Amino acid sequence: KKYKSLFESSHNAVITYEIKNGKFTLLDANPAALKLFKAKTLSELLPHSPLSLSPAVQPGGAASKDRITELTQSAIAAGSVSFEWQHRTLTNEPITCYVTVSHLNLPGKNVVMTSLWDITTLKREEKRTAERLGRLEKQKEALTKISAITAATSLPAPTAPAAPPLS
(Lines give C-alpha, C1' and ligand atoms only; values in the text may rest on other atoms or scores of the structure.)
Protein backbone atom coordinates (compact mmCIF):
# COMPACT_ATOMS: atom_id res chain seq x y z
CA LYS A 1 0.00 0.00 0.00
CA LYS A 2 2.86 2.38 0.88
CA TYR A 3 4.54 1.76 -2.50
CA LYS A 4 1.26 2.17 -4.39
CA SER A 5 0.90 5.60 -2.77
CA LEU A 6 4.43 6.56 -3.88
CA PHE A 7 3.67 5.29 -7.40
CA GLU A 8 0.39 7.21 -7.65
CA SER A 9 1.71 10.49 -6.21
CA SER A 10 4.98 10.64 -8.18
CA HIS A 11 5.36 13.56 -10.56
CA ASN A 12 7.55 11.31 -12.69
CA ALA A 13 5.74 9.22 -15.29
CA VAL A 14 6.03 5.54 -14.34
CA ILE A 15 4.76 2.57 -16.36
CA THR A 16 5.22 -1.13 -15.65
CA TYR A 17 5.19 -3.79 -18.37
CA GLU A 18 5.32 -7.56 -18.29
CA ILE A 19 7.36 -9.08 -21.10
CA LYS A 20 6.42 -12.52 -22.46
CA ASN A 21 7.83 -13.92 -25.69
CA GLY A 22 9.05 -10.46 -26.68
CA LYS A 23 5.58 -8.93 -26.25
CA PHE A 24 5.00 -6.05 -23.83
CA THR A 25 1.81 -5.99 -21.76
CA LEU A 26 1.19 -2.76 -19.89
CA LEU A 27 0.40 -3.60 -16.26
CA ASP A 28 0.01 -0.19 -14.69
CA ALA A 29 0.73 3.51 -15.22
CA ASN A 30 0.59 6.35 -12.75
CA PRO A 31 -1.33 9.61 -13.29
CA ALA A 32 1.84 11.39 -14.47
CA ALA A 33 2.21 8.78 -17.24
CA LEU A 34 -1.42 9.24 -18.28
CA LYS A 35 -0.82 12.99 -18.48
CA LEU A 36 2.44 12.56 -20.43
CA PHE A 37 0.79 10.41 -23.09
CA LYS A 38 -2.48 12.42 -23.02
CA ALA A 39 -4.59 9.48 -21.86
CA LYS A 40 -7.75 10.28 -19.92
CA THR A 41 -7.86 6.88 -18.19
CA LEU A 42 -5.61 3.91 -17.57
CA SER A 43 -7.83 1.75 -19.82
CA GLU A 44 -7.05 4.15 -22.69
CA LEU A 45 -3.31 3.51 -22.25
CA LEU A 46 -3.47 -0.25 -21.45
CA PRO A 47 -3.51 -1.52 -25.06
CA HIS A 48 -0.25 0.29 -25.83
CA SER A 49 3.31 -0.96 -25.80
CA PRO A 50 6.55 1.03 -25.98
CA LEU A 51 6.54 0.40 -29.74
CA SER A 52 3.00 1.68 -30.31
CA LEU A 53 3.91 4.84 -28.37
CA SER A 54 6.98 5.45 -30.59
CA PRO A 55 7.60 6.52 -34.16
CA ALA A 56 8.84 3.74 -36.46
CA VAL A 57 12.32 5.32 -36.57
CA GLN A 58 14.19 7.13 -33.82
CA PRO A 59 16.28 10.27 -34.43
CA GLY A 60 19.56 9.01 -35.80
CA GLY A 61 17.86 6.45 -38.04
CA ALA A 62 17.54 3.37 -35.81
CA ALA A 63 14.30 1.39 -36.03
CA SER A 64 12.34 1.80 -32.78
CA LYS A 65 11.49 -1.92 -32.70
CA ASP A 66 15.18 -2.93 -32.82
CA ARG A 67 16.24 -0.33 -30.24
CA ILE A 68 13.44 -1.37 -27.86
CA THR A 69 14.66 -4.97 -28.02
CA GLU A 70 18.31 -3.95 -27.47
CA LEU A 71 17.57 -1.56 -24.61
CA THR A 72 15.21 -3.99 -22.85
CA GLN A 73 17.83 -6.76 -23.05
CA SER A 74 20.40 -4.32 -21.63
CA ALA A 75 18.06 -3.41 -18.75
CA ILE A 76 17.44 -7.08 -17.95
CA ALA A 77 21.16 -7.88 -18.06
CA ALA A 78 22.40 -4.83 -16.15
CA GLY A 79 19.39 -4.14 -13.91
CA SER A 80 18.62 -0.79 -15.52
CA VAL A 81 19.46 1.40 -18.49
CA SER A 82 18.83 5.10 -19.23
CA PHE A 83 18.54 6.82 -22.59
CA GLU A 84 16.77 9.51 -24.61
CA TRP A 85 13.73 8.37 -26.58
CA GLN A 86 11.31 9.88 -29.04
CA HIS A 87 7.73 8.95 -28.10
CA ARG A 88 4.32 9.84 -29.49
CA THR A 89 1.30 10.74 -27.37
CA LEU A 90 -2.08 9.15 -27.97
CA THR A 91 -2.86 12.29 -30.00
CA ASN A 92 0.26 11.56 -32.12
CA GLU A 93 2.28 14.52 -30.81
CA PRO A 94 6.04 13.90 -30.62
CA ILE A 95 7.64 14.07 -27.18
CA THR A 96 11.27 13.57 -26.30
CA CYS A 97 11.82 11.73 -23.04
CA TYR A 98 14.68 10.75 -20.84
CA VAL A 99 13.83 7.16 -19.92
CA THR A 100 15.11 4.75 -17.30
CA VAL A 101 14.08 1.11 -17.71
CA SER A 102 14.60 -1.03 -14.62
CA HIS A 103 14.19 -4.80 -14.48
CA LEU A 104 12.14 -5.89 -11.48
CA ASN A 105 12.99 -9.23 -9.91
CA LEU A 106 9.51 -10.67 -9.40
CA PRO A 107 9.11 -14.44 -9.01
CA GLY A 108 7.85 -16.03 -12.20
CA LYS A 109 7.41 -12.72 -14.03
CA ASN A 110 9.59 -10.69 -16.35
CA VAL A 111 8.61 -7.12 -15.45
CA VAL A 112 10.21 -3.81 -16.28
CA MET A 113 9.42 -0.42 -14.82
CA THR A 114 9.94 2.62 -17.02
CA SER A 115 10.39 6.08 -15.55
CA LEU A 116 9.98 8.87 -18.08
CA TRP A 117 10.80 12.57 -17.95
CA ASP A 118 9.55 14.88 -20.70
CA ILE A 119 12.59 16.79 -22.00
CA THR A 120 10.91 18.14 -25.14
CA THR A 121 11.23 21.78 -24.03
CA LEU A 122 14.84 21.28 -22.95
CA LYS A 123 15.72 19.77 -26.35
CA ARG A 124 13.92 22.60 -28.17
CA GLU A 125 15.91 25.18 -26.18
CA GLU A 126 19.17 23.30 -26.80
CA LYS A 127 18.44 23.45 -30.54
CA ARG A 128 17.65 27.18 -30.39
CA THR A 129 20.83 27.84 -28.43
CA ALA A 130 22.91 25.89 -30.95
CA GLU A 131 21.30 27.87 -33.79
CA ARG A 132 22.04 31.16 -32.00
CA LEU A 133 25.64 30.12 -31.40
CA GLY A 134 25.95 29.25 -35.10
CA ARG A 135 24.67 32.69 -36.10
CA LEU A 136 27.03 34.38 -33.62
CA GLU A 137 29.96 32.39 -34.98
CA LYS A 138 29.12 33.53 -38.54
CA GLN A 139 28.87 37.14 -37.34
CA LYS A 140 32.23 36.81 -35.57
CA GLU A 141 33.82 35.46 -38.77
CA ALA A 142 32.35 38.36 -40.79
CA LEU A 143 33.60 40.93 -38.27
CA THR A 144 37.05 39.33 -38.29
CA LYS A 145 37.16 39.64 -42.11
CA ILE A 146 35.96 43.26 -41.99
CA SER A 147 38.56 44.04 -39.34
CA ALA A 148 41.32 42.49 -41.47
CA ILE A 149 40.20 44.43 -44.56
CA THR A 150 39.98 47.66 -42.58
CA ALA A 151 43.44 47.14 -41.09
CA ALA A 152 44.93 46.45 -44.53
CA THR A 153 43.40 49.51 -46.20
CA SER A 154 43.46 52.13 -43.47
CA LEU A 155 45.35 55.32 -43.65
CA PRO A 156 48.20 55.84 -41.28
CA ALA A 157 47.13 57.18 -37.95
CA PRO A 158 47.34 60.97 -37.75
CA THR A 159 50.32 62.34 -35.90
CA ALA A 160 50.15 65.21 -33.50
CA PRO A 161 51.49 68.54 -34.81
CA ALA A 162 54.94 69.46 -33.61
CA ALA A 163 55.00 71.65 -30.57
CA PRO A 164 56.16 75.24 -31.20
CA PRO A 165 59.73 75.97 -30.09
CA LEU A 166 60.11 77.39 -26.63
CA SER A 167 61.75 80.73 -26.49
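The model is predicted, so local features need pLDDT of at least 70, side-chain atom pairs count only at pLDDT 80 or more, and totals for chains, interfaces and linings use all residues. Residues are numbered from 1 along each chain as its sequence is written, and side-chain values use heavy atoms, with hydrogens and water left out.

Helix α4 first. Helices are DSSP runs of H or I, at least four residues; strands are runs of E, at least two; both are numbered from the N terminus. α4 covers residues 64-78, 15 residues in all. Its first and last C-alpha lie 21 Å apart, close to the 21 Å expected (1.5 Å times one less than the number of residues).

Which residues of α4 are buried? Ser64, Ile68, Leu71, Thr72 and Ala75. Buried means under 20% relative accessible area, exposed over 50%, partly exposed in between, with a 1.4 Å probe and protein chains only. Down the axis of α4, the buried residues fall within an arc of 105°, so they line one face; the arc uses directions from the helix axis to the C-beta atoms. They pack against β1, β2, β3 and β4 (contact: heavy atoms within 4.5 Å). On the other side, Gln73, Ala77 and Ala78 are exposed. Just after α4, Gly79 has a positive phi of about 105°.

Now the rings. Rings of Phe, Tyr and Trp (its six-membered ring) pair if their centres lie within 6.5 Å; planes under 30 degrees apart are stacked, over 60 edge-to-face, the rest tilted. The count is three aromatic pairs. One is Tyr17 with Phe24, edge-to-face, at 5.7 Å and 90°.
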